[in-house]
Amino acid sequence: MEQQAAKNHRAVLIERLRTSFLEHLTRTIGRPLEFSTEVERYYALSRAVRDQLMEQWIATIETYKQQDVRVVSYLSAEYLPGPHLLNNLQALGVTGACEIALQELGVELQTLALSEPEPGLGNGGLGRLAACFMDSLATLQIPAVGYGLRYEFGIFRQEIHDGWQIERTDKWLQYGNPWELSITDASFEVGFGGHTESYTDEQGQVRWRWVPASRVRGIPHDTPIPGYKNGFVNRLRLWSAEAVDSFDLSEFNAGDYMGAVRQKMESETISKVLYPSDDKDEGKRLRLQQQYFFTSCSLQDMIRLHKLQQCPLNEFHLKWSVQLNDTHPSIGIAELMRLLMDENGFGWQEAWEVTQQTFGYTNHTLLPEALERWSLPLFGKLLPRHLEIIFEINARFLDGMRHRFPNDPDKIRRLSLIGEEGEKSVRMANLAVVGSKAVNGVAELHTELLKRNTLHDFYEAFPKRFSNKTNGVTQRRWLMLANPALTDLLNEALGEKWHTDLEELRGLEQYANDSAFLATWRKTQETTKSKLARYIDETQGIKTDPGSIFDVLVKRIHEYKRQHLSALHILALYCQLKADPSLQLTPRTFIFGGKAAPSYVMAKLMIKLICTVGDLVNQDPQISDRLKVVFLPDYSVSLGERVYPAADLSEQISMAGKEASGTGCMKFQMNGAVTIGTLDGANVEIRKEVGEENFFLFGLTTSQIDDVLASGYQPRTYYDRNPLLREVIDGLSSGRFSNGDTSVFRPMVEELLSTDRYFLLADFDSYVSVQKEASAAYADAQRWSKMSLLNTARSGKFSSDRTIREYCNDIWKVAPIGAAK
C-alpha cells in the first residue's frame, strides 16, 4: 500500500510540474512549446518551481507568526548564491520528477539549467560564505533574513586577451530574474547629505533631527531560500535604489531633457555595480552610499516588521539578532542609534543598550588595509548625523577606556573610532567591535591572530566578547550538486544522513584499506576528471590527460594568495625538463581560475604570468605530454562546481598569517582532493582533522615569518643560493619565457628581489620539495586513493551546518523552529 501511495504521489507530482511548466510557457512567457527557445523554457520552468516554493514560503511565514521566534538578520554586501534551478529542485526533492516531466515533452533538464544566468553579486569567498550560510539556516530551520544589495551589474565578466584580463559588463538581469519578487509596498527612503538641527520635544527634551539634502527609495526584491527537504523557506531580501521623484516635468517642459531624469540616474547608480573602483573620491563616495543604503533599508525593514508584531521597540534586540558580515554594514550601528533616538524618541543609554545587544561582528581579514576607513570630510558630508553619533559613541567609550587603562595614551589612540594619523578617518572595524555584543574570527588561527595583533587592544578590553567560528560550506551544493558520481557512491556506502549531518562521512573510514572500494573510488574520480577534461577541450581548446595529477588553484587573484608561486614552480619543472628530458616526472595538469580587481595591477600581471607559462608549456612538444597549464576564464560558482570535484591536489598556498579562513580548501577536501598548503587560515584545522600524513605541508609559519622580519628579510639571499630559483627569476627578467619581452614581468621580479612582501622566495624551496612528495604519493594509486577517501571522510567539521549551529548557540541565541507544514 505504501509503495502504491508513493507511486501515485510521484505521478501526481510529475503531472503537476509538467502542467505548470506548460502554463507558464504559454501564459507568462507567451510561447508555445514548439516555438520556444531554451532561455524561455528555462524561465517557464523556474516559475513553475518557484510556485512550489511559494506555498512552503507562505507556510513558513505563518509558522513565524504563530511562534515567538527570534530572527537572524544577516547583513552582507555580497551574496554569491550560484544558479538556483537545480539547487531548488534538489531542496524540494523533485529533481527526478522534473526530469521525467520534461522528458515527456522532449526537453532535457540539464540543457535548460545551462541557460540560467548566474547572479554575480559577490567578489569571492565572502559572498559565497553568505550563500552557504543562508542554505544552512533554512536547512536547520532557523528563522532568518539575508539582506544585501541587488546590483544591476554584478562582478564583471572576465575575458582573457593575449594573457591579460579584460573586464566586461555582467548583464545578469538582462532577461529579468524569475526567482525574485519585487515588494514595492515595503520600500523605504534613505537620506544623504544635508545638515542636522536641534529642537525641543513635547517633554522638553533637546533632540536632534537630520535634514538630508537628497533621498532615494529602496525597493526590496525577495528570493526564496529553501531548506533541504524540510518544507522551510527563508528569504534573501536585496535592495535596489530608485529616485523618490524619477521625472521632473517642469525641467522637461523647459527643454532640459537630461535634467528631467537626473535624479533617477543619480539614485539608481547606487545599486548599479558591485564594488565601484575606489581609487577616486567619487568611487569612495559611491561605496559608502551603497553600504549605508542597504544597511538603512534593512534596519528600517526590521523595525517595520517588529512593530507589525506589536512588540515594544525596547525589546528589538530580543527579537532580532543582526550579524555584520565584515565591516561593510557596520554603519548600521550608528544608523540603529539614529533610528531609535531621532525617529522613535529613545534616550541615549536605552538606545545604546538595545543597539549593542543587537549586533554581532564577523571579521574576515588580517590585512590592515582591508579594515575599512572613511575620511572625516567625506563621511561628514554624506552622513552628518551619523558622524555626530559616532563622535558621541567614541567620547563615551574612550572615557571608560581611560579609567580601564590610565596613563596609556597610545592604547587610547589605537582604540579610538577616529583615526588621527594622516587624514582623519572613521575606523569602521573599531565601530563594529565597540557596538557589538560579540566579535568572531573565521578560523582558529585567524581568531588567535586577531586577539594577538589586529584587534589586540580590543581583546584586552573585552576578552569575553571574542570567539572563533570556523567557516564552513554547504555539502548540498558543493558535493551533492557538484559531484553526482561521488554522491551516488557515498549514498550507496553510507545512506543519506550525511546530506544534513556531514559527520556521517566518518563511516567511510571503514573502507580506507578496502582495495575493491578504493578502486571504485578511483574510478569515480577518473570519471569526474574526464568530464572536466572534455569541458577544457571544448572551451579552451587544450587537451588534458585525466590520468595526470589535476593540480588546481582557483580563487580570487591576490599577491598574498600567491598564485605566482605556483607559476614559479611550473617554470622550475620546465627548466628541469629542458635540461634533462629523461627526468622522471609524474604528469600534471595545472588548472587556474580567478579574477583580479580591475585596478589591481600586480594581480593582473599574475594572470598574465600564468597565461604566458601556459603558452610556453602547452606549445612545447618536448614538454606538453608531461605538463599542461590551463587558465579557466570568468571563474564563478557554476565553474567551481565543475572544478572542485575533479581536483587531485588542492593548492592552498597563501603566506602564513594572511588568509582569514578560506573556504575553497573545504570544497576541495569534501570532494576528496588532498591539500598542499601552509599553516594558514583553515588549513591548520583541515590538517588536524585529516591527519598530517594526508596533507602536504610546506612553508614558514607565522612565528617564523615574524622572526625573519625582525632580523630583516633579504629575499635576494634566497635567489643567490638557489640555482633553480635563480634560473627561473633570470628567465623572467631576460624574456626567455615571454618571447624575448624583457619588460613585461619586470615589476614582479623587482618586487620579489627587493621586498617580496609575501615571502615567495623564502618558501620556494620548501614548496618545490613538497611538490615532489605529492608526485610520489600520486604515483602510488592505492596510497593516493586512501588519502583522498580520508579527506572526504574527515570533512564533517567544515560543513556550514556546524558553523551555523555554533553561531546560534553562542552568539545569536536562536533555536530551530518546527518545520512548516
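Modeller: An open sheet of three strands has the order β13-β15-β14, and the pairing is antiparallel. Strands here are DSSP runs of E of at least two residues, helices are runs of H or I of at least four residues, and both are numbered from the N terminus. Two strands pair if DSSP finds at least two bridges between them. This is a predicted model, in which local features need pLDDT of at least 70 and side-chain atom pairs count only at pLDDT 80 or more, while totals for chains, interfaces and linings use all residues. Residues are numbered from 1 along each chain as its sequence is written, and side-chain values use heavy atoms, with hydrogens and water left out.

Biologist: Which strands stand at the edges of that sheet?

Modeller: β13 (373-375) and β14 (418-419) do; each has a single partner strand, so one side of each is left without a neighbour in the sheet.

Biologist: And how many bridges pair β14 with β15?

Modeller: Two bridges pair β14 with β15 (residues 425-427), in the antiparallel sense. V426 in β15 is the bridge partner of I418.

Biologist: Changing topic: why is β18 described as largely enclosed?

Modeller: Six of the six residues of β18 (residues 549-554) are buried, so the strand is largely enclosed by the rest of the structure. Buried means under 20% relative accessible area, exposed means over 50%, and partly exposed lies in between (1.4 Å probe, protein chains only).

Biologist: Which way do the residues of β18 point?

Modeller: I549, D551 and L553 point one way, whereas F550, V552 and V554 point the other way. In a regular strand the side chains alternate between the two faces of the sheet.

Biologist: Which strands does β18 pair with?

Modeller: β18 runs parallel to β19 (residues 588-593), with six bridges joining the two. One of the bridge pairs is I549 with R588. From β18 the chain passes through helix α23 (residues 563-579) to β19 in a right-handed β-α-β crossover; right-handed means that, with the strands pointing away from the viewer, the path from the first strand over the helix to the second runs clockwise. β18 also pairs with β21 (residues 649-652), in the parallel sense over two bridges.

Biologist: Are the faces of β21 covered or open?

Modeller: Both faces of β21 are covered, with L649 and E651 buried on one side and S650 and Q652 buried on the other. L649 is the bridge partner of D551, and S650 is that of V552. β21 is joined to the parallel strand β22 (residues 674-677) by four bridges, and L649 stands opposite V674 there. The crossover from β21 to β22 goes through helix α26 (residues 664-670) and is right-handed.

Biologist: What about the largest nonpolar core?

Modeller: The largest core has 112 residues, of which F192, F293, F379, L383, F397, F458 and W812 touch the most other members. Such a core is a set of buried Ala, Val, Leu, Ile, Met, Phe, Trp, Tyr and Cys residues joined through side-chain atoms within 4.5 Å. Helix α10 (residues 281-308) contributes the largest share, nine residues. Another core, of 75 residues, lies apart from it and includes V617, F696, I729 and F737.
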